[in-house]
Amino acid sequence: MGNSDMESKGPELFEVGPSNDGYQMGLLIGQRFSKEIRSRLAGDLILQNQLRPFAQTPQGKQLIEALSDNNRNKFPRYWDELLGTAAGSGVSLLDVVLINFRKEILPFVPKTLQVSSPESVDTIDDCSDILVVSEDLAIAAHNEDANVALVDHIYLIKAKLQNGLVFVGYTYAGELPSCAFGFNTHGLAFTLNSVPPSEHEIMAGGIGRNFVSRDLLEATSMADALRIIHSCEVSVGHCYNLIYMPDRKILNVETASRNRVSVREIGTTPFFHANMYLHLQVDQVQDDNSKCRQERAAVLAKTSKEDFLSILGDMGDKRYPIYMNGPTLYTLCTAIIDIDQQTLSIIKGNPKHGEISHVFSVSSEDSKTLK
């Protein structure tokens, strides 16, 4: 598939399974996307300038060992997926571990290893969500924003498990599906927003966010999704937008270390979430980008699906636009999860006039691709 095909179609969809063997699944994904994984690692300045040097220090080795042990013990099958991904793509396991635990490691990297070029500074993975459940509209709309290094290093994994479950996860090259958004055939979908707790709120060596969201791809219900989130002693904070089709329900769930969780049910008032805690009481890093997006969204119309797309495509604030197109941060795509239509659509380009690259049926037994 040439580059022009890829550009017109959005991220490549790879079907894997039926299998319950984590290593085999990871191996097949690693082999299929070896080029993307290698290219991502080669261009990731945070990995090269901070994570790898830190991994060679006594403190770094100790932290990585604790993260590896705790996550392998809790989620052995997903750990096997990482092993398979590294083996299949021919990259070092350490590099795969470092990119999957980036958020759990970076707060502990000494300032002396932190450099000042913009591409080397970790950005809060700025995502924006707008959610509503009213009589005539029940949708979650999500901008997936990331560092420029991730452009063209994305793929979609559609996995079938032996128990019949099928999930689809939007996946960053070399990471577990999905650190962005996904859904499964139980009618559970989610999108994620990064949130930045202050350093003293972070617990070293806890469960990684990528492992929690990988487990959410196999959640059987809203209650099961909440159980997964509550049962993980996470290291850093995260925000989950949980969408459950059978109950026509959306929950915004903010989490932090030491098992702190706050759940807000979304109703008829549209709810915009950027990258800051809105209802869980946690000391957080002040993020001007998030504050500006939050304030901008507050003044825009929010009565229709078109309004939601218009908000996510808004570039009215020149310094901190909601829709980002560089130089450091990019909106990789926009996802629309429509509960009443039971679909997840992926839009490339500005969602105001963007082009739909994929539409999935969330409710069908094999989550068939409608486009």
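Two strands are taken to pair if DSSP finds at least two bridges between them; strands themselves are DSSP runs of E of at least two residues and helices are runs of H or I of at least four, numbered from the N terminus. The model examined here is predicted, with local features requiring pLDDT of at least 70 and side-chain atom pairs counting only at pLDDT 80 or more, while totals for chains, interfaces and linings use all residues. Residues are numbered from 1 along each chain as its sequence is written, and side-chain values use heavy atoms, leaving out hydrogens and water.

Strand β3 (residues 138-147) runs antiparallel to β12 and is joined to it by nine bridges; here Ile 139 has Asp 338 as its bridge partner. Strand β13 (residues 343-348) also pairs with β12 in the antiparallel sense, over five bridges, and Ser 345 in β13 stands opposite Ile 336. Four residues lie between the strands of the β12 and β13 hairpin, where Gln 342 takes a positive phi near 55°.

Turning to the helices, α7 (residues 93-100) is largely enclosed by the rest of the structure, because six of its eight residues are buried. These are Asp 95, Val 96, Val 97, Leu 98, Ile 99 and Asn 100. The buried residues of α7 pack (contact means heavy atoms within 4.5 Å) against several helices, including α5 (58-74), α6 (76-89) and α9 (209-216).

Technical notes: Buried < 20%, exposed > 50% of the residue type's maximum accessible area, 1.4 Å probe, protein only.
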